[in-house]
Amino acid sequence: MPLFREPEGGAGVAIRATLKRDLVLMMRRRSEVLNPLVFFALVITLFPIGISPDPELLATIAPGLLWVAALLAALLSLDSLFRSDYDDGSLEQLLLSPQPLPALALAKVAVHWLLTGLPLALMAPLLGILLSLPAGSYAVLALSLALGSASLSLIGAIGAALTVGLSRGGVLLSLLVLPLYIPVLIFGAGAVQAAILGDGVSAHLAILGALLAVALSLAPWAIAASLRISING
Amino acid sequence: MSLRLQARKLACERDDRWLFRDLDLDIHAGEIVRVEGPNGSGKTTLLKILSGQLADFQGELYWNDHPMRRTRQDFLANLLYLGHAPGVKAALTPLENLAWYQALAGEPDDEAARFSALSAVGLAGFEDLPAGQLSAGQQRRVALARLELIPRPLWVLDEPFTAIDRDGVAALEGRLAAHARRGGCVLVTTHHELADSPALRRIRLGQGGDDATL
Amino acid sequence: MWAFIHKLGSPKWFYAISTRLQPWFWGAAAVLILVGSAWGLAFAPADYQQGNSFRIIYVHVPAAFLAQSIFVSMAVAGVIFMVWKIKIADMAAAMMAPLGAAMTFVALFSGAVWGVPTWGTWWMWDARLTSMLILLFLYFGVIALRGAFSSRDSASRAASVLAMVGVINIPIIKYSVDWWYTLHQPATFSVTSRPAMPVEMWAPLLIMVLGFYSFFIAVTLMRTRSEILRREASKRWVRELAGEVS
Amino acid sequence: MAFDSLSAFLAMGGHGVYVWASWGVTGLLLVGVVLHARAERRALLRDLRRRARRAQHHGASDAAATPVSHREGHARES
């Protein structure tokens, strides 16, 4: 083996390897993928029990309920996003690789969305039936959640990166992240509401897309900076 | 090739206490530098500063005579760091762990190299077991396999001998010496006493830091 | 060498300058707030619609202004600290946060109390109040995050990053809440947006706003000076200074 | 002057409770902030002076060793 070889694989190779590694890891711990989904279903079950089984009442509040419950379920899994890497030392290796850290962090967030946000979005229409969500809004529900949860994962990852070095970061993470989730919640639930009322939903979805674009362009840098802070202890 | 890591007037304060102050370092190719000192004297902190992980310090770092700020990318491409935690994923097999490290380092995806690196650290036959089922010493060996796999001249190793059996310690010590002979450079903290050799240098960190000397 | 002076000389220099500036801001704050209060409470005419409950505006609006400005100042200080590593900026940011939270609380409280005579309820999900409530949570987040780290440097950096993230989000939150409010509460009477106010009404408001800003600057200068003493306690000049004061 | 008498001023046309509650809480908070800042400064100076005295007792050299601020968490095994 030579003493030194110029790194030849670019960032693309490292990103692909990180994507693959995180996917394999999550697939080997399926309960971590399933827990948010079960939580989502459970919370949605609580509402008719706590409020009223009246289908009309449920139908009016269903968009908000589904969105809030999905948001909380996504939040639940955020704490573990960087936690195990921090604990076993792979996070410092990630930070010391000659590849751009924002891109690697983005790869990890992408896996988080793929295995949390997307399943939640796909599951939401099923739970919509339980809440007698009016017909015609199911596709919008799934689409708005898929789009919105990507922003949630990106924003949430900033909070997760900031709190990963703290022993009791979990509660603090929600405090940091939930206020930042509000615009996504407003437009996400608004899209479903608009679909129910028969208004156009393209404006809502466009704004959700714009929020995602902003998050995509800024969050990776914030996540990288936060990880560097957290590794300082 | 040139290989030179320098620190000028390095000082680090933690919790209103100086870990070290006015620390000047000059580390060259062919050297094994052992950082010594009692618990809490800042060995790990120094290693983290020298590997570019910590920003909270005073003084300047130079890599090949250029300020570290400007040569960070080149520095990282020359660095192999092993921390307290081995950085081995319990749910992945040793082979999978190494594959990620290979890609992260920009190395070509080479399975044969991974196999030979694992057998070089005595893990032949364990390649496809989840690392979580290996013993602590074996997990540490998975991390050490990176030394065999990824060609980097500057090694920064924080307690690499932890949890390793006697044969492993001897092999690793030989490995460090061989690396220095070939023109590499090793910066290491360890409680294990390294055999004296012309390549070995010591940096002693004292409590309070005023007596940090070369 | 310059970096060295820059780093160590700055707190001492700032301390000296702020010691001289501070009395002026205290004076301005006292005068402006007293004049503004007397004018707003006793001399400004009552509102034709809301009567005298309108006088709450003279504390509500300055507090709301300050609440937002302090968060922006914190983010600016965070940028200065992160980019140029000027520690004074971080000390000031740390000292501002509780005042910002207090001002947000004042704005919320006065807004809620104002709601009783205008809307007949203690709490309305009014766009302005909702944004203020979210801002209060953002303040709590920054303060809690700073307190959670054991290393001061990490705490400072983390709080700076969060303040920057927050300040990018504040306008987004504000616009989305406004939009949400108009969607759910079309054409409800909003307390502070009104057709042109006569000069006897807005002049005291302006004075109060200026007074609150002076107060903010004075408090921040004073507390930053304390924070300098706390963080630089081992420096020679601080020890000498403590000797002189005694 | 918008009011004829002191009682009219205090009553604020029936809205006295709300106006005075808002102003009162605001005033209390401002005064509280000032008092807190002053107390903080006094405590700090007292602490610094005590340290200076102690340093004179022990010889001036090791004054730097003891911190004023007691942040949580101490030097961990590094």
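UniProt positions are given here in the numbering of this model, feature names are shortened, and annotations may be inferred rather than shown by experiment. The model is predicted, so local features need pLDDT of at least 70 and side-chain atom pairs count only at pLDDT 80 or more, while totals for chains, interfaces and linings use all residues. Residues are numbered from 1 along each chain as its sequence is written, and chains are lettered from A and ligands numbered from 1 in the order in which they are written.

For chain C, the unreviewed UniProt entry places the feature "transmembrane region" at residues 21–44, 56–84, 96–117, 129–149, 161–181 and 201–221. Helices (H or I, at least four residues) and strands (E, at least two) are taken as DSSP runs, numbered from the N terminus. On this basis chain C has seven helices and zero strands, and its pattern along the sequence reads α-α-α-α-α-α-α. One of the annotated stretches, residues 56–84 of chain C, is 97% helix and 0% strand, with its end C-alpha atoms 42 Å apart. Another, residues 161–181 of chain C, is 100% helix and 0% strand, and its end C-alpha atoms are separated by 30 Å.

The C-alpha trace of chain C spans about 65 × 40 × 25 Å along its principal axes. A residue is called buried if 20 or more other C-beta atoms lie within 10 Å of its own, exposed if 12 or fewer, and partly exposed in between, with C-beta atoms placed from the backbone. Chain C contains 246 residues, of which 51% count as buried. Two residues are in contact if their C-beta atoms, placed from the backbone, lie within 7 Å. Among contacts in chain C between residues at least 6 apart in sequence, 79% join residues at least 24 apart.

Five pairs of chains are in contact, and chains C and D share the most contacts among them. This contact takes 39 residues from chain C and 32 residues from chain D. On the side of chain C that touches chain D, at least two residues each come from α1 (2–43), α2 (57–84), α3 (87–119), α6 (199–231) and α7 (236–245). Helix α3(C) supplies the largest share of that side, nine residues. By class, the side of chain C that touches chain D has 24 nonpolar, 10 polar and five charged residues; Ala, Val, Leu, Ile, Met, Phe, Trp, Tyr, Cys and Pro count as nonpolar, Asp, Glu, Lys and Arg as charged, and the others, Gly among them, as polar. By comparison, no contact joins chain A and chain D, and their closest C-alpha atoms lie 11 Å apart.

In chain D, helix α2 (residues 16–58) has 43 residues and reaches 62 Å from its first C-alpha to its last. This is close to the 63 Å expected at 1.5 Å a residue, the expected span being 1.5 Å times one less than the number of residues. The buried residues of α2(D) include D:Tyr18, D:Thr26, D:Leu44 and D:Arg51.

Chain A also carries the annotation "transmembrane region" from an unreviewed UniProt entry, at residues 33–51, 57–78, 113–133, 139–164, 171–197 and 203–227. Residues 33–51 of chain A are 95% helix and 0% strand, with 29 Å between the end C-alpha atoms. Residues 203–227 of chain A are 100% helix and 0% strand, with 35 Å between the end C-alpha atoms.

In chain B, B:Glu31 lies in the loop between β2 (17–28) and β3 (32–36). B:Glu31 counts as partly exposed because it has 18 C-beta neighbours inside 10 Å. Leaving aside neighbours within four places in sequence, B:Glu31 is in contact with B:Ala180, B:Cys185, B:Ala199 and B:Arg201. B:Glu31 and B:Ala199 are 168 residues apart in sequence, but their C-alpha atoms are 4.9 Å apart in space.

Most residues other than glycine have a negative phi. B:Asp65, in contrast, has a positive phi near 70 degrees. B:Asp65 is placed in the loop between β4 (58–63) and β5 (66–67) of chain B, and it is exposed, with 9 other C-beta atoms within 10 Å. B:Glu159 also has a positive phi, of about 50 degrees, although it is not a glycine. B:Glu159 is found in the loop between β7 (154–158) and α6 (166–181) of chain B, and it counts as partly exposed, with 18 C-beta neighbours inside 10 Å.
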